[in-house]
Every structure is written in C-alpha cells, then in structure tokens.
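Take a walk through the inside of this protein.

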Amino acid sequence: MTEFIRIKKGLDINLAGKALEVFYNVDSSDHYAIVPDHYVGITPKAIVREGDIVKIGSPLMVDKNHPEIKFVTPVSGVVSGVNRGEKRKLLNITVKSGKQIGYEQIEVKNDIFSYSADEMKELLLNIGMWPCIKQRPYDRVANPSDMPRDIFVSGHNSAPLAPDMEYLMKKEEEYLMTGLRALTLLTKGKVYVGVKYESTLSTMQYGDAEVVRLVGPHPVGNVGVMINKIKPVNKGEVVWTLNAADVIIIGRILKEKLLDYSKVIAVTGPEFLRCGYVRVQPGCTIDSIINGKLKEEGRNIRLISGNVLTGTKVGPNDYLGAYDYQVTAIPEGDDVNEFLGWATPGFKKYSMSRAYFTWLHKNYIEQKPDARIRGGKRAMIMSNEYDKVFPMDILPEYLLKAIIAFDIDKMEKLGIYEVAPEDFALCEFVDTSKIEIQKIVRNGLDMLYKEMN
C-alpha cells in the first residue's frame, strides 16, 4: 500500500548555489571529533583518554543515563584530545587519524530476519549507529528500552539547496533495503518511507516498509509532516525517525559486514566556486570540505553546517554536524551599506509577501540572500503569517504561546508531542517579529521532558 501526501502550505526558497550532480575530491581531515552537543538528550561520559589508540568503530563516549548507547570513532588513530569547558562540560573528543587503518570486529548474520528485536537493537548499539535514531515526542536520541509505535524515514529533503536524495541513493538502493529490513524488526507497527512523488524512488519496492509519496513545497520532506498527516503522536506513544542516508549507512555495514561510516554531503551556496557532492567521514573539519572552494578567501562569509533554515553557524575549524548532509556558504552581509535601507524598491531583495517587486518572479530567479536579520525584535504579532507556511494540523502561534507560558495542558492539546524545532523553521523565516522560534520550541521540549520524566 502507498500513502500519498500533498500539501499547499509551505515555501520553496529558490537560492543560488545548488549542488551539481558531480563528485569532488576533498582533503582528508587531520582530526575528527565526536561533539556531544550535536546529540539532544544525552549526558556524555568519555571512556577514552588522550593518547589512547583506537580503531574504526571504537567507542569514545557513552550516555551516562543509557550506557549501552555508544558513540564511536569513524576513523582509526590516536585520541588527540578530550576537551572540556566550564564546569568540566565535555565539549568534544578528537581523534588524529593515522596511516594504518584498523577496524573493530563485528559479527553480522547473513539473514537479517533471523534477528530478534533485542538482538538488532544490540547490534545497532554496538556499531554506534543508534544515535542516528531520534524519537518523538521530544525530538531527542531514542531510548533503546522503548518499543516504537511506528518508524518514519525521510527520503526527501525539501529544504533550500538540500541534496538530491535520489542522486545520493543512486547505486545504494540495496543498502537502503537492507537498512529498512533491519528497522522493521524494531517495531510492531509500520516503517514509513517518505519519497518525492516524481522521483524514481517512488516506484521502488521497499519490502515491508510502506512508501509515502510527497508532493508540495518545503517542509513536505520533514518527518513531522508525515507523522501529522498519517498518524499523529498521542500522549504516551513513541515513534522513531531517521534520515534515509543514515539508513543507507546501517544497511552498508550490515551488508558488507564492515564498519564504513562514510557519507555523501552536498556543498552548496552562492559563495562556493563549485557546488557538488563530496564523500567524507562523520566528524570531519569544515575546513577539509571547503578548502579551495570559496569564491573569495577572507571575505565575510557565513558558513553553515546544514541548510540555511535549520543549520548551525560554524567556522573552518569546527566539525560537521552529526545529522547534517549539507554545508552551505552565504554572504554574511555585515559589510553591506544600503542607501535608504528598507525604503529602496528592492528589485533584488527576497520577500514572501508583496513588500518588494521580487514577488512577481521569486520562484524563477535564484536569490542570493545574506545572513542579516533585516529588522528588530518585537512582540509576537497574531497575523496568521505562520499558518501560510505551516502545513501541519496544529495552531503554531497558540502552541508557541503555550510553550512560552509553559502551560503543559495547552501544550499537550495543541500537539507538542509530534513537533520538532525544524517544523517551525519557515515560521521563523517569515516572522516579522524576528523571534527565535526554533529555540523556543527546543527549550519547551526539553523542559517538558524534565517535567514528565
């Protein structure tokens, strides 16, 4: 059976710098890192010391509350640093890659379906792929002791300049199928795979997984939209979510019986000389990806690990986000001086509303925005502007006010259990009040989790 989801509310932002279907070589990173802040909901505990020799797949840290959740190194080498900040907070664990490659040994059965649910959980925990599984409610690393009602896999990234999932999965469909077979063992419900309607992925057979064809503007590719339209999360229920690219890594390890954590990411944005795809190891430095690819070295550029709506601002010496499959570069904009500012006709300025003449051709001309906020913060205006880009059957403005007031009863009634910060990214983009909506939602989910557990 195939589900079909069509949405009209949303917004496709046509930015310059789309990734071409070309692979580029990148410099090998000298250091790789596990960054605890990339994983929501864990309390990190380092289990290695500086100078320890590690192999690919060796655990570097665990979650104190769930020690079975391991975070492993994608490369072999020597632990070069266990870096801590204020109050001994663990900032990252870095590994200097060595010339000799060694792998931790794993035992994988030939028949995936011969595993029980507990055995498959144990395998995913041991190979370090468990952190890629998130749960709703709370949008945090999944609890291994839970049995999810359903599992939702996003195979269509609709964010601005997002990598083409069809291109990423090319020649790796077999790994995807193996990964999906493994996921079907973890739930008594269904595994849903969201794919773009027009792509060839929608015609593939996914075994026991159910295909969901997606049509519409961003955020149609978000798993939150799939959950809301197919089977919303009620109080007491738990669902798990994954990115299809992570499922491919799981399938590759199970199929090849080798710990290969490499992934393909897109290099995008108007500030790159060449936009395309590169294969890297998780936790590599941003500099190893962007080196020699920027148009003007030294110019004020905003580097983003992820997309422009939900990504994180990074520097060249920072590390690729654990869940990111894209690096974006746009102008910072702090060196721009505009005559009359907002009062100019704005023939080249992007606007969702009809404030500028660009609304006549905003879907046809590639925009080159910068990172400026373009306005000051003010009180939330109840103008229904969020509703125009929020396709879920939830009242976003009322839910946000309930979160700010931390009114648990209203938050539950308004659908807090099925949302994540990324679902509100477009609301934040179009917000005339310049409110950090995603931060509000993240803080609300964290406070609710502490209150309910």
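A cavity is a set of points, on a 1 Å grid over the protein atoms alone, where a 1.4 Å probe fits but cannot get out; its lining residues have an atom within 4 Å of a point. Grid points are joined across faces, edges and corners, and a volume is the space filled by probe spheres set on the points. The model is predicted, so local features need pLDDT of at least 70 and side-chain atom pairs count only at pLDDT 80 or more, while totals for chains, interfaces and linings use all residues. Residues are numbered from 1 along each chain as its sequence is written, and side-chain values use heavy atoms, with hydrogens and water left out.

A search of the whole structure finds two cavities of 30 Å³ or more. Helix 5 gives the most, with four residues.

The largest cavity has a volume of about 360 Å³. It is lined by 23 residues, and Y39, G128, M129, P282 and A322 lie nearest its centre. Strand 2 (31–34), strand 6 (70–72) and helix 5 (244–256) each give two or more residues to this lining.

Now turn to the rings. Rings of Phe, Tyr and Trp (its six-membered ring) pair if their centres lie within 6.5 Å; planes under 30 degrees apart count as stacked, over 60 as edge-to-face and the rest as tilted. The count comes to 11 aromatic pairs. F23 and Y167 form a tilted one, 6.0 Å centre to centre with 35° between the planes. F23 lies in the loop between strand 1 (2–6) and strand 2, and Y167 in helix 2, so the pair ties together parts that are 144 residues apart in sequence. Ring pairs link F23, Y167 and Y277 into a cluster.

Y138 and Y449 pair edge-to-face, at 5.1 Å centre to centre and 80° between the planes. Y138 lies in the loop between strand 9 (134–136) and strand 10 (140–141), and Y449 in helix 10 (residues 437–452), so this pair ties together parts that are 311 residues apart in sequence.

Terms used
1 Å grid on protein atoms, 1.4 Å probe; cavity = no way out; pocket = protein on both sides within 12 Å on 5 of 7 lines; lining within 4 Å.
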